[in-house]
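I opened this notebook to keep track of what I looked up, one topic at a time. The entries below follow the order in which I went through the structure.

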Amino acid sequence: MKFRTFSRHLSGSFKSLGRNAWMTFASVSAVTVTLLLVGVFIVIMMNLNKIADNIENDVEIKVIVDLAANDKAIAKLEKEIQETKGIQDLEFSSNEQELSKMIKGFGDELGLYKQDNPLRHAFYLKAADPHQTAEIAKKIETYEYTYEVIYGEGKVEKLFGFLNSGRNVGLGLIIALLFTAMFLISNTIRVTINARRNEIEIMKLVGATNNFVRIPFILEGIWLGILGALLPMILLTVAYFNLYDIIEPKIEGELFKLLEVTPFIYQLNALILGLGIFIGIWGSFMSVRKFLKV
Amino acid sequence: MIVMKDVYKKYSNGVVASNGINIEISRGEFVYVVGPSGAGKSTFIKMMYREETPTSGDIFIDGVNLATLKRRKVPYLRRRIGVVFQDFKLLPKLNVYENVAFALEVIEETPARIRKKVTDVLELVGLAQKARMFPNELSGGEQQRVAIARSIVNVPQLVIADEPTGNLDPETSYEIMNIFERINARGTTIVMATHNKEIVNTMKHRVIAVEGGLIARDELGGAYGYEV
Ligand SMILES: Nc1ncnc2c1ncn2[C@@H]1O[C@H](COP(=O)(O)OP(=O)(O)OP(=O)(O)O)[C@@H](O)[C@H]1O
Ligand SMILES: [Mg+2]
């Protein structure tokens, strides 16, 4: 397309934004609300995902050895566990080591004495792929002389279940919002198309190409999308900086770390802007196709 | 120039507006299309610039079959055809010059050529002095001249007019007809649907009468043939 044509379309699309000020306001607001929620959702989900990752990578499997096992049986069990597919960081901990760990944890108030050790030997290990924790635990349970296999105590499952259902609800909500925003944009553009109906009729009559007719409306959709993305981008950036600066230092523990500001905030902004433009183009396509029959 | 073969057109509401039309119009001809209201004149004409497509049959314009012409190619067909209507279809916010230039701008003609072509055509239709006026400041006849100027500014080989004098008084109608005569004299083919008995009977040309979606009569230098 020629530059002259493009600048003509450009100024035309700006003018029509101003002409339907109220419709413009309505659809820009819809895009703003949608993208703001999308952004908040993404910030929450991405950070929860990271935390979940941290936690799940930390899940240890504890294999408690039966009292009846002698040294030979323990060695055999160790070998069996060692050969189980997908495990890593296998470590043995004798009943004495277990006891000192417990004493360290609770103090000696429990009155536990080394000579009267009620504890069993144990193995500690991790699944190379945390998702397979449960599977591996189940497998090890079938080995001879295992007394009990303990891992995460359902914490991981619960967290993942929560993440998944949260994600689904969020996604459903966001898709509904996206459609609302697109619908509003397509309505706004339909008003422009109606206002320019005669002009379009003549354009087509004298042989303007379909793209020539279509482009101003697509541009208008893009502006609506970009205008709608501005506020969410600014708000989310400011909010995340503050969240990171204020909240992050107060959270203790290695597991609960927020995502670093960069590059996360750049990715987030790019995504929101892209989504805004996408909503705009799609919204205008819907009305252009329906009402122009180009 | 125009060839129609067994053209049949049924609208989606079931109305049959063309019921097997066969016609041939040569380059440079001036043709009146007459017939009672609802006979199918406008439909006949609209199919020529592909505003409507036939349900079956073939239409050739300069050897191009419109029945198989791709939608993407339609704009380029339209650039070779000028169309004029009873209601002018001018843009009220543009002045005379801009209304005519609009037809060239939207097909991305260069500014220099737009200036030259628009100036020339306004001269031809006698509106050079009123180039800066707006449609609502013009008489009906002047508005129609602007519309004609717009239709011929890109020098089409074919000009199609659907009742171009339908809204005009007799004297103005003759002025407009004179412009069409002048365009025709330059070798441009003209197809004009009209209800204007006086004009058809005095400015003699080929007359095609459409009745009930069929060609009822086709005479060179024919008469209007209906009581008004
Ligand atoms: N878009 C349309 N959809 C459905 N029916 C139509 C359409 N256009 C025309 N018709 C019908 O087709 C028939 C022919 O219409 P057309 O406009 O071709 O007649 P005409 O000869 O131009 O009439 P007039 O002299 O009043 O302009 C009419 O019965 C009309 O109602
Ligand atoms: Mg008609």
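Entry one, the two domains of chain B. I began with the polar contacts, and between domain 1 of chain B and domain 2 of chain B I found two residue pairs in polar contact, both at pLDDT 80 or more; I note here that the model is a predicted one.

For the bounds, I noted that the domain assignment gives domain 1 of chain B as 1-80 + 157-172 + 183-228 and domain 2 of chain B as 90-155. Eight residues from domain 1 of chain B and ten residues from domain 2 of chain B take part in the contact, while the C-alpha centres of these two domains lie 25 Å apart. The two domains bury about 730 Å² between them, with 63% of it on carbon and sulfur atoms. Of the area that domain 1 of chain B buries against domain 2 of chain B, 55% is supplied by B:Arg79, B:Ile183 and B:Arg186, more than by any other three residues.

Entry two, a hairpin in chain B. I looked up strands β9 (residues 206-211) and β10 (residues 214-219) of chain B, which run antiparallel and are joined by five bridges. B:Ile208 stands opposite B:Asp218 in β10(B). Two residues lie between β9(B) and β10(B) in this hairpin, and I noted that B:Gly212 in the turn has a positive phi of about 55°.

Entry three, chain B against chain A. The contact takes 21 residues from chain B and 19 residues from chain A, and the area buried between these chains is about 1,800 Å², of which carbon and sulfur atoms give 59%. I recorded that B:Phe102, B:Val106 and B:Glu108 supply 32% of the area that chain B buries against chain A, more than any other three residues.

Which residue of chain A forms a salt bridge with B:Lys89? I found that the partner is A:Glu201, with the closest N and O atoms 3.1 Å apart, and the count between the two chains is one salt bridge. The side of chain B that touches chain A divides into eleven nonpolar, one polar and nine charged residues.

Key
Residues numbered from 1 in each chain as written. Chains lettered and ligands numbered in written order. Predicted model: local features only at pLDDT ≥ 70, side-chain atom pairs only at ≥ 80, totals over all residues. Heavy atoms only, no water. Contact = heavy atoms within 4.5 Å. Buried area = accessible area lost by both parts, 1.4 Å probe. Salt bridge = Lys/Arg side-chain N within 4 Å of Asp/Glu carboxyl O. Nonpolar A, V, L, I, M, F, W, Y, C, P; charged D, E, K, R; others polar. Pairing = 2+ DSSP bridges. Helix = DSSP H or I, 4+ residues; strand = E, 2+ residues; numbered from the N terminus. Domains from an automatic or database assignment. Polar contact = N/O pair within 3.5 Å; in protein donor to acceptor, adjacent residues only side chain to side chain.
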